[in-house]
Amino acid sequence: MDCVCNIMCRGARSVAKNFAKSKLSINPRLLAKADIHLIVQSPSTEAAYRTQIESIIRLSREYDKNDVTMMVIIVGAVEHRCVDSSKFQTQAMFEQALTTTVYLGHCTQVSVALKVARENYMSSYDGRPGVKKLAMILNVASDCGEETSAVDEANKIKLMVSVVVVVSVGAGNRTFLDRLTSKSDNVLTFSSDLELIDNGTQQIKEMTCRIAPKHNICADIGLMIDASESIGHDDFTKLLIFIVGLTEYFNIGADSVQFAAMLFGSSVQTLFNLQVASHATIRQKLLEAPYLAGSTNTAAALVEVRTRVFSVSTRPSCQKIVIVITDGGSDRREDTEQAAEALKDSGVRVIAIGVGRANVEELNVIASTPGDVFYVDTFDVLQTIFEKIVELTSKPTVTTLSVNPKLKSKADIHLIVQSPSTEAAFRSKMEFVVKLCREYDRNDVSLGVIVVGKVKHSYVDSSNFQEQTMFEQALINTAYLGHCKGASKALKMARKNYIRSYGGRPGVKKLAMILNVASDCGDETSAVDEANKIKLMVSEVVVVSVGAGNRTFLDRLTSKSDNVLTFSSDLELIDGAIGQIKIITASVAPKYAPVADILFVIDSSGSIGDVNYAKVLNFIVVLTEYFNIGLTAVLFSAMLFSDSTQMLFTLDTQTHASIKQTVLAAPYLSGGTNTAVALREAGQALTIGARNTKKIVIVITDGQSNVPAETSTAAVTLRNSGVRVIAIGVGSANQEELKVIASAPDDVYYVDTFDVLQTIYDKIAEMTSS
């Protein structure tokens, strides 16, 4: 959205120019142009009404009245009136008009408030050309059993404005509130008028500043819209509103997104082809789209989008994406499958969204990957997946392990059970472990269950049993060994007695999963140290916590913060954990597949110290796991530097295992920080065994270089040779020098300590893949 959506407030600084990760600046005044319709459902008492008017006055002060107009529509028991800021010369006059408005009695139904506002004010308000319109509904609590009417009225308003926001005071039905809005994030609830006036202004301001932030990717996106008989007119309208809202999330232009749209029923009708259109034009064409009815000829639409829409695309470097939205199975499944395969083979990414009776199995056939499939129960809740779709389309395509009933990729999983305080809780944990092991194909995945109790510990290894039932029985029969109070103890026992001595299968990934972590009784540092030692032995560490856990502590135990799952109780663990853990284990170290030569330039100077140096090496090992390695993917090389440099390995078709072995065995050089010589030699290193592909240098350092002037000169020379330089600073690293070294401000990363290096894995992987 251009108005209250893609906002740069007065005095704001852009702290993240990277379009995919930009955050909107929230400053005292909203500078972008907007017309805001604020609909007040008059409350039950005049005192409550006066409080709400006061909150509106406070809110109006947050906007620059030259840019933002505010039409306050007050709907009472019978009467209604409007106070329009554009009619007043000064802010003070507008505020005085609001203060002197008469209390009109209690409007008991939001449907009435919306209908009165729409028919008497909004329908006749053309607004300012090119300025976005926002509707904000204040004081929604419930609709006295007439929720359907209220949602219908809200849907009519959605056709008039860009976004609908709901501010509710009192006990409101959240599902109902979500249905009124453009998306569920656009709901704010307050328990009382006092809370509204104390906290509401800032929260509403922040909400209007972050509505539908623009994603600026380069992509040709084809929208395939099911307009068949099974949908019906009402749901077809909801579908069009959803698509309009989705397009508003993206910048449109020759260097960003271009949209095409087509309808399909028995036949196919193109609404518009790829073009540089405005949001307003796209909105108009979509909302005027005819309802075709007829059958569901998905195959014909897939052929049409491949042969007609993308055949005329003139931007070969941009992503090609098709979003299919349907509510049922296609007429001819075999034809649909063939057409989908041909589309995907042509280099187009296909995202499939199913609603209601949609055939989920066919959605998986149509989509590029299981992660590109979305399903919702009704058209009313389509809005809940806005951000998921936007996030998915805004990221480079990654290849992850399929999340199927059985995990087919090979893996050795060490499951460390920190024994709980009661035997009943322990039995619940083992029941969960038994259920989890059934999710994996035992021919590919071995599961070693390490139980650490108060004093003793035990081990049950799936590879020691010929049948799954025998393994499950051994787990069920495992004795309760008393309460293990500290995670550090559990990790140390597991590492020393089992993980360290487990050679594993050649070329097979190793994963450690820690179950039942809540706290470490004040000894968190020891637990993190033990976890770091385990990270040197496995590819990933995942934490499953039951009970009240310190999230910062849990994050430090894992390889990355996304690898933490928390559950409030054993019951929740058993009921809800299997699917989540299956997904997290299936997505461990997602493989990015750019074609690139990447050189790590690793600070090995005296200021780092042995312990932190080991953390740097571990960080690099895990980062390499994010990429496919090979002549058609990524080739890595690595160099150490202190007073001088030492090459660890040159560009070659290594394996993840050989890289891990070489990096973890790297010597600690100590000495000074001669970054300049490292940058000079980096350019030469990238010519050894190099290919005609992009070159990336990732520099990791904790301090300032010995000779900053020489470092600057060497960095410029390296960048001018066509190499992209990413600079990662830790602790006392000179952040100004990082900017001098890196190719762009977005290529600079800084973390406070070596312990939190893991928090930037995804950012670095995405950056190098873009």
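Start by selecting two groups of residues: Val110, Ser111, Leu114, Lys115, Arg118 and Met122 in helix α3, and the residues they meet in α4, namely Ser149, Ala150, Glu153, Ala154, Lys156 and Ile157. Here, contact means heavy atoms within 4.5 Å. Ala, Val, Leu, Ile, Met, Phe, Trp, Tyr, Cys and Pro count as nonpolar, Asp, Glu, Lys and Arg as charged, and the others, Gly among them, as polar.

Before you go on, some ground rules. You're looking at a predicted model, where local features need pLDDT of at least 70 and side-chain atom pairs count only at pLDDT 80 or more, while totals for chains, interfaces and linings use all residues. Residues are numbered from 1 along each chain as its sequence is written, and side-chain values use heavy atoms, with hydrogens and water left out.

Now show all of α3 (residues 110-122) and α4 (residues 147-158): their axes come within 8 Å and cross at roughly 25°. That makes α3 roughly parallel to α4. Angles under 35 degrees count as roughly parallel, over 145 as roughly antiparallel, 65 to 115 as roughly perpendicular and the rest as oblique. The axes are lines fitted to C-alpha atoms, for helices over the stretch in contact, and angles run from 0 to 180 degrees between N-to-C directions. Helices (H or I, at least four residues) and strands (E, at least two) are DSSP runs, numbered from the N terminus.

**Zoom out**

Show the whole chain. How many helices and strands does the chain have? There are 24 helices and 24 strands. Of the 770 residues, 55% are buried; buried means under 20% relative accessible area, exposed over 50%, partly exposed in between (1.4 Å probe, protein chains only).

**Asp84**

Select Asp84, in strand β3 (residues 80-84). Is Asp84 buried or exposed? Asp84 is buried, with a relative accessible area of 9%. Beyond its neighbours within four places in sequence, Asp84 touches Met70, Met71, Phe94 and Tyr125. Then look for Ser86, whose side chain makes a polar contact of 2.9 Å with the side chain of Asp84. A polar contact is a pair of N or O atoms within 3.5 Å; within protein, one must be able to donate a hydrogen and the other to accept it, and residues adjacent in sequence count only if both atoms are side-chain atoms.

**Ser446**

Next, pick Ser446 in strand β14 (residues 445-452). Ser446 is buried too, at 8% relative accessible area. Its side chain is joined to that of Asp412 by a polar contact of 2.8 Å. Show Ser463 as well: its C-alpha atom is 5.9 Å from that of Ser446, though 17 residues separate the two along the chain.

Move to α19 (residues 610-624) and α20 (residues 656-664), whose axes come within 9 Å and cross at roughly 170°. These helices are therefore roughly antiparallel to each other. Their contact divides into six nonpolar, three polar and one charged residue.

**Two loop stops**

Most residues other than glycine have a negative phi. Select Ala293, in the loop between α8 (279-287) and α9 (298-309): its phi is positive, near 65°. Ala293 is buried, at 16%. Finish at Ser670, in the loop between α20 and α21 (675-685). Ser670 has a positive phi near 65° and is partly exposed, at 31% relative accessible area.
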